[in-house]
Amino acid sequence: MSIPEFAETSGSPQPAPAAHSQTLSRGIRVLEILADTDKPMSIVELAAALDVHRSIAYRILRTLEDHGLVVRDPAGLVRLGARLAALARGVSRDLQATALPVLTRIANELGMTAFIAVLDQSEIVTLVSIEPRQAHATVAQQPGTRHPLNRGAPGIAIQSGLGAAQWAALGHAETRRSEAREVADLGYASSHDEVIPGLSSIAVPLVVPGESPASLAVVYISSLHSPTDIGAALTAAARTIVAGLR
């Protein structure tokens, strides 16, 4: 059992501020930068993004490379490594395992990419996604994709389930989306052109005890299904997922 360090004061001993590892923080930031880009990056580009000397960036990358979290191609460009996928499978493992067959069914029935998004501080992160087997055009929604909470149907659906204290704890400068109040009446949230130009999304809240606030959503270019029908299908799917976790 570790003994907390105390700063010297004239009164009662007070816990010293927790020290943060700058190197670890930078390593995590490298992974975030690579996750947000659509192409491999050079060490020079990563050093610039981190605002550090190239030698520091190189040492960080070597450590991440040793653990399989990043890889370099023959040209020296860096991308995320396969080890991250293995680590990601452990995140909300039961939820992912239960949701996969349901997402697969919804994706194929509706001809849309179906996914679960979870709240991560002030952003929405895709936890797991499935693309339909047969469709003229599909939209890739890669796990780990993130966007602001105040943008898009998945975020609106999640906002609809947050209490006042939960919303205040997020420290948002923006007010809650007015559409979040309509989710209870409509049964779903919808958006168009908000996250990716030209794409539409419909989402419903996914409330799983012990898990971060989440939503079940689809994203698509166009559809013959009405938003009401899509919302009803997602609501039923969300119930199936929750029931499967009990």
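The side chains of Glu 109 and Arg 105 meet in a salt bridge with an N to O distance of 3.6 Å, where a salt bridge is a side-chain nitrogen of Lys or Arg within 4 Å of a carboxyl oxygen of Asp or Glu. This is a predicted model, in which local features need pLDDT of at least 70 and side-chain atom pairs count only at pLDDT 80 or more, while totals for chains, interfaces and linings use all residues. Residues are numbered from 1 along each chain as its sequence is written, and side-chain values use heavy atoms, with hydrogens and water left out.

**Salt bridges**
- Glu 109 and Arg 105 are four residues apart in helix H5 (residues 93-110), so about one helical turn separates them; helices are DSSP runs of H or I with at least four residues, and strands are runs of E with at least two, numbered from the N terminus.
- Under the salt-bridge rule, the count comes to seven.

**Helix packing**
- The axes of H2 (residues 43-50) and H3 (residues 54-66) come within 9 Å and cross at roughly 105°, which means that H2 is roughly perpendicular to H3 (65 to 115 degrees, between N-to-C directions of lines fitted to C-alpha atoms over the stretch in contact, on a scale from 0 to 180 degrees).
- Ile 43, Val 44, Leu 46, Ala 47 and Leu 50 in H2 meet Arg 54, Ala 57, Tyr 58, Ile 60 and Leu 61 in H3, with contact taken as heavy atoms within 4.5 Å.

Key:
Angles under 35 degrees count as roughly parallel, over 145 as roughly antiparallel, 65 to 115 as roughly perpendicular and the rest as oblique.
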